[in-house]
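Dear colleague,

I am handing over the structure that we discussed, and below it you will find an account of what turned up in it. Please read the account with the structure open beside you.

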Amino acid sequence: MGKPKKKFKLFDAVLMSVCVVLVVESAAPSAAIGASQFFWWILLLVLFFIPYGFVSAELGTTYDDEGGIYDWVKKAFGRKWGGRVAWFYWINYPIWMASLAVLFMEVIEQIFTIQISTPVAIICQLIFIWLICFISCFPVSDSKWILNVAAFCKVFIMLSLGVLGIYHAVTKGVANDFSLPHLLPSFDLKSLSFMSVILFNFLGFEVVTSLASDMENPKKQIPQALIYGGLLIVFFYLLAAFGMGVAIPTEELSTSGGLVESFILLIGGLNPFVVIIGLLFMFTLIANLVSWALGVNYVAMYAAHHNDMPAVFGIQNKKNEMPVGASVINGIVASLLVIATPLIPNENIFWAFFALNVVALLFSYILMFPAFLKLRKIDPDRERPFKVKAGPFMLKCITYVPMVLLIVTLFFSVVPLSSDEMGEKIPILIGTVVATIIGEICIRYAFKKKKYPEKEQK
């Protein structure tokens, strides 16, 4: 007989949650909130991440189909809403790919002190995009070593930035005021606009719940992984944010170049260590895209196979069954975005794309929470390997508080509420409207391809 399958232990589950959820490139946008972000991180850990973790844990272990969040919403609210979720969950990825392609080139310019012309930069960005797409067409995109190496790089970068920040604060002082009044919440429009980034930084825990069948005791380990992983994630983000806050005044912090610039200022110049940090940072950008590609592409392919997304997303490699159709569409959309960068009226192209990516991803999670409550009602007899133990009132809090937070932060992220925000938010608003319209057209076209029972056509 063969050896028994090795079970996932608590340490593995916590490490996986940190690997998947921790995203280094969003540390600078989060730090742009200022000192009050420390308050917001802790508050949103309690009001959003923990409820979101429990909801995704129950849904992920109860409905473990390949469709993930699309399947959950479809079961609760019907095909069209499932299709919309699948669309937004997918469309965020090529937009994210375009934003990281832009950031990749900016990091190269920073660490090698060179100026790259726009045409050359676009060509390099296209190479970056299609390299990711090519790798994503093979099972290597799910290789464990990519996550493990990327996790080491992420933790090393965050710890280095935090330790250097503490040393600099003790020996030379800080660039921002970290006194109690400044640590209290700020309700200015800029801070509220960046709140969506903190929520974005918490997403991805449902990937960990997919490992429930490999865990020794999922009922105990999933909530432990949620709590320990969440605390570690917040710790690393705040450590990095402190380092950036020590180095650069908040009003001068760049959402794209802030991380590398912080290392340069904390160390006192561009040296080999900063170059190494920059190279590790660039690797995490690639690893993030490669490690997320499989999940995003499989959801799009699964929805296409159920006629809720265009058929092109359902194309597979016959040898390895990888979703090559979604990968190619990813490359086309991301390529069009980077080619269009000279036409976008926003000086910070990375933030324009990254903010739009955040908006699209947050949209896809809104219905997950009411789907959790509805599936409890319409499918009560389903076996739930992990079940949230709470009374009716607490279940409603777990459902509606995170949903309201998503809606409110999306509003402040997209809608310009002052003349100063027009230049930054109008492109994001236009991009959101265009993505929604195209999504509705694609969903309606796919929906007509096959007739389902009347009760499912909601």
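A residue is called buried when its relative accessible area is under 20%, exposed when it is over 50%, and partly exposed in between (1.4 Å probe, protein chains only). By that scale V328, at 38% relative accessibility, counts as partly exposed.

Before going further, please keep the origin of the coordinates in mind. This is a predicted model, in which local features need a pLDDT of at least 70 and side-chain atom pairs count only at pLDDT 80 or more, while totals for chains, interfaces and linings use all residues. Residues are numbered from 1 along each chain as its sequence is written, and side-chain values use heavy atoms, with hydrogens and water left out.

Confidence

The protein chain averages a pLDDT (the predictor's confidence in each residue, from 0 to 100) of 85, and 90% of the residues score at least 70. Among the elements of the chain, helix α16 (residues 368-378) has the highest mean pLDDT, 96, whereas helix α10 (residues 206-209) has the lowest, 66; helices here are DSSP runs of H or I with at least four residues, strands are runs of E with at least two, and both are numbered from the N terminus. Over residues 1-5 the pLDDT stays under 50, and the model has one contact (heavy atoms within 4.5 Å) beyond four places in sequence for them. Residues 452-458 are also below 50, although this stretch has twelve contacts in the model beyond near neighbours in sequence. Where pLDDT is low, the predicted coordinates should not be read in detail.

Salt bridges

The structure holds seven salt bridges, each being a side-chain nitrogen of Lys or Arg within 4 Å of a carboxyl oxygen of Asp or Glu. One of them pairs R376 with E58, whose closest N and O atoms are 2.7 Å apart. R376 lies in helix α16 and E58 in helix α3 (residues 37-62), so this pair ties together parts that are 318 residues apart in sequence. Both R376 and E58 are buried.

R84 is buried at 18% relative accessibility, while E440 is partly exposed at 21%.

E421 and K425 also meet through their side chains, at 2.9 Å from N to O. E421 is buried because its relative accessibility is 9%, and K425 is buried as well, at 2%. Salt bridges that share partners join E58, R376 and R384 into one network.

For C133, the nearest cysteine sulfur is that of C137, 7.2 Å away, and C133 is buried at 4% relative accessibility. For C442, the nearest cysteine sulfur is that of C133, 17 Å away, and C442 is buried at 19%.

Surface

W130, V328, I332 and L336 make a nonpolar surface patch of about 360 Å². Helix α14 (residues 324-339) gives the most to this patch, with three residues, and V328 has its place in that helix. Patches are built from residues with over 30% relative accessible area and no salt bridge, joining like charges within 9 Å and nonpolar side chains (Val, Leu, Ile, Met, Phe, Trp, Tyr) within 5 Å.

With best wishes

Conventions: Areas by Shrake-Rupley, 256 points an atom, 1.4 Å probe, with all protein chains shown as cover. Disulfide = S-S within 2.5 Å.
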